[in-house]
Amino acid sequence: MPVSTADLYDELGESIQSLPVQFRAFGRKAAFDGRIRTIRCREDNALVKSTLATPGDGAVLVVEGGASLQTALMGDLIAESAVVNGWAGVVVNGAIRDSVAIDMLDLGVKALGTNPRKSAKLGTGEVDVDVSFGGVLFRVGAHLYSDEDGILVER
């Protein structure tokens, strides 16, 4: 059973980061947690696709998309690949698409919203670099906890 973020915050207080960004939840896993992997990209999902096609080993992919809602950084086929490859969840600081299909998958997904528009496929961006948004630093290898109340990240 995943740890309640409210209980975890009560236990750890300011020694853990609380993300104030109000994400929408998708996928069948309302609560998920795991070690952080990251991608920094903007309106180009090639690195998201290739990363989620590798073994996730229960990790959570944090995608820093610059809060752009202009194009979707993940759709149902990429999300299905994440499930097949053992990823616990994906947090997208941007948009996704195919939300109804993603809601049927055994995956935790948090995103700012949806947009049916495809993204570029050039492979621009960076993988496994520390990223930050909402005043929270997402370090590669740190632990992320997510549930209906929000997202907490190890310092």
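Biologist: Which backbone oxygen does the side chain of Asn 115 reach at 3.0 Å?

Modeller: In this predicted model, the side chain of Asn 115 reaches the backbone oxygen of Gln 70 at 3.0 Å.

Biologist: What makes that a polar contact?

Modeller: A polar contact needs a pair of N or O atoms within 3.5 Å, and the distance to the oxygen of Gln 70 is 3.0 Å. The backbone oxygen of Leu 69 lies 2.7 Å from a polar atom of the Asn 115 side chain, so that distance is also within 3.5 Å.

Biologist: Why is Asn 115 called buried?

Modeller: Buried means under 20% relative accessible area. Asn 115 has 18%, so the residue is called buried. Asn 115 sits in the loop between β6 and β7. Among the residues in contact with Asn 115 are Thr 71, Ala 95 and Ile 96.

Biologist: Why is Ala 120 called partly exposed?

Modeller: The relative accessible area of Ala 120 is 31%.

Biologist: Which residues of the largest nonpolar core touch the most other members?

Modeller: That core has 23 residues, and those residues include Val 48, Leu 52 and Ile 96. Helices α2 and α3 and strands β4, β5 and β6 each supply at least two residues of the core. A separate core of 16 residues includes Phe 23 and Ala 142. In soluble globular proteins, nonpolar side chains tend to be buried together.

Biologist: How do you know that Ser 4 caps helix α1?

Modeller: A side-chain oxygen of Ser 4 lies 3.3 Å from the backbone nitrogen of Ala 6. After α1 comes Gly 13, with a positive phi near 55 degrees.

Biologist: What makes β10 and β3 a pair of strands?

Modeller: Two strands pair if there are at least two bridges between them. β3 and β10 are joined by 4 bridges, so they pair, and they run antiparallel. One of the bridges has Tyr 145 in β10 as the partner of Asp 33.

Biologist: How many bridges join β10 to β11?

Modeller: There are 4, and these strands run antiparallel. A hairpin joins β10 to β11 through 2 residues. In β10, 5 of its 5 residues are buried.

Terms used. Residues are numbered from 1 along each chain as its sequence is written. This is a predicted model: local features need pLDDT of at least 70, side-chain atom pairs count only at pLDDT 80 or more; totals for chains, interfaces and linings use all residues. Side-chain values use heavy atoms; hydrogens and water are left out. A nonpolar core is a set of buried Ala, Val, Leu, Ile, Met, Phe, Trp, Tyr and Cys residues joined through side-chain atoms within 4.5 Å. Buried means under 20% relative accessible area, exposed over 50%, partly exposed in between (1.4 Å probe, protein chains only). A polar contact is a pair of N or O atoms within 3.5 Å; within protein, one must be able to donate a hydrogen and the other to accept it, and residues adjacent in sequence count only if both atoms are side-chain atoms. Contact means heavy atoms within 4.5 Å. Lists of a residue's contacts leave out its neighbours within four places in sequence.
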